[in-house]
Amino acid sequence: MLTPTVRKGASLLLYPLLLGGALLLWSSLWLGVGWDADMSMQLVYWLFLALLVVLERLLPFEPAWNRNDGQLRNDIVLSIVTIALNSLATIVCLGAIAWAIARIEPLVSLQVWPAHWPLYVQIVPGIVLWDLGNHLAHRWAHKVPLLWRFHSVHHSAPRLSVINAGRFHPIDIVKSVVIGSPIPILLGVPAEIAEWYAALYLFGGILTHANIDLRCTFFSRFINTPDLHRWHHSPHREETDTNYGEVTVAWDRVFGSYVFHPRGARRNLGLGYTVPVSRHLIEAIWQPLTPTGHRAGPENRIVSLPEGVTAIADIELAALLAATAPAHGPERAADPVHGMHAKP
Ligand SMILES: [Zn+2]
């Protein structure tokens, strides 16, 4: 067990050490040793994941989130699908855009990025530009009901952990690649910057889900952190419709969706009772594709944990979920246009 002093020191130092360490190891393998950038990224990712799983046990932000929420198998299956589909969709999408640029004259004229400038000058604006497409894809996933029915599978998780960082509906993944990729490629941002963005997206993204007590106040003003992302997973719409940036918070600041609570922490997450995502994997994947959308009954829907979950951490989570399910009242009426349930 860690002493309070060690725990506080670790909380302050760990976030920059973890993110910086992963980036340093990956870039050393790529640029120093000469390994393939993508292969090095995958290797470092799995090592990073293993380290974060251990740290979630040693230094948890919310101890109750380390308990089985009944979604472990779904989280793992959806994460494997996400990894495979994201790679495939990226290859297809980038190939299609490159093919179009080579053959369609007006697209060539869009290649206005100053790629001849030194890389250290291009890298920050390049990363911010790459984040624009993903910001828009994420924002629209919340604002467009047809897209929210797929993205709500990710938000249905009642806890945050590195295990469910890749919990996405397959359609949600393809949508993010298709919307997120064209802007920087059409403008001519170099491939090296795409690699740096991908590394930040991967290593920073899994950290935003990590159930580790990380103090990120300084970094939350510039990049997406666990502090910001826990509010994004709130069961309340005014809190979840914020902080859409995948790597930076630049576009949230531009579009007014940046929200930071330096002294607060959200510990109950999920969809409330407004989108009845099923606990069963096949139903969770299939139902959004039907005209009716998600329609799990009270007995098999995924529910949020109540406030103050730390104080009741000794109670078995499954029993807790079963006991609290009927107490939250009826869900909202189905959206007559899109056949899905509106968020609160
Ligand atoms: Zn979201």
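Biologist: Which residues of H6 are buried?

Modeller: In this predicted model, the buried residues of H6 are Leu147, Trp148, Arg149, Phe150, His151, Ser152, Val153, His154 and His155. Residues are numbered from 1 along each chain as its sequence is written. Because the model is predicted, local features need pLDDT of at least 70 and side-chain atom pairs count only at pLDDT 80 or more, while totals for chains, interfaces and linings use all residues.

Biologist: What makes a residue buried, and why is helix H6 called largely enclosed?

Modeller: A residue is buried if 20 or more other C-beta atoms lie within 10 Å of its own, exposed if 12 or fewer, and partly exposed in between, with C-beta atoms placed from the backbone. In helix H6 (residues 145-155), 9 of the 11 residues are buried, so this helix is largely enclosed by the rest of the structure. Its buried residues pack against H5, H7, helix H11 (237-240) and H13, where contact requires C-beta atoms, placed from the backbone, within 7 Å.

Biologist: How do you know what counts as a helix, and how many helices does the chain have?

Modeller: Helices are DSSP runs of H or I with at least four residues, strands are runs of E with at least two, and both are numbered from the N terminus. On that basis the chain has 14 helices and 0 strands. Buried residues make up 40% of its 344 residues.

Biologist: Why is H6 called roughly perpendicular to H7?

Modeller: H6 and H7 pack at an angle of about 110°, with their axes 8 Å apart. Axes are lines fitted to C-alpha atoms, for helices over the stretch in contact, and angles run from 0 to 180 degrees between N-to-C directions. Angles under 35 degrees count as roughly parallel, over 145 as roughly antiparallel, 65 to 115 as roughly perpendicular and the rest as oblique; that makes H6 roughly perpendicular to H7. The two helices meet through Leu147, Phe150, His151, Val153 and His154 of H6 and Ile171, Asp172 and Lys175 of H7.

Biologist: What is the class make-up of the contact of H6 with H7?

Modeller: This contact has 4 nonpolar, 2 polar and 2 charged residues, where Ala, Val, Leu, Ile, Met, Phe, Trp, Tyr, Cys and Pro count as nonpolar, Asp, Glu, Lys and Arg as charged, and the others, Gly among them, as polar.

Biologist: What makes a set of residues a nonpolar core, and which members touch the most others in the largest one?

Modeller: A nonpolar core is a set of buried Ala, Val, Leu, Ile, Met, Phe, Trp, Tyr and Cys residues joined through C-beta atoms within 7 Å. Of the 36 residues in the largest, Ala22, Ile127, Tyr197, Ala199, Leu200 and Phe203 touch the most other members. H9 gives the most to this core, with 8 residues. Not counting residues up to four places away in sequence, Ala22 touches Val44, Phe48 and Phe203. A second, separate core of 17 residues includes Ala137, Ala141, Ile179 and Val303.

Biologist: How do you know whether Asn243 and Ala296 are buried or partly exposed?

Modeller: Asn243, in the loop between H11 and H12, has 25 other C-beta atoms within 10 Å and is therefore buried. Ala296 lies in the loop between helix H13 (281-286) and helix H14 (317-324), and its 19 other C-beta atoms within 10 Å make this residue partly exposed. Leaving aside neighbours within four places in sequence, Ala296 is in contact with Pro276, Val277, Ser278, Glu283 and Arg301.
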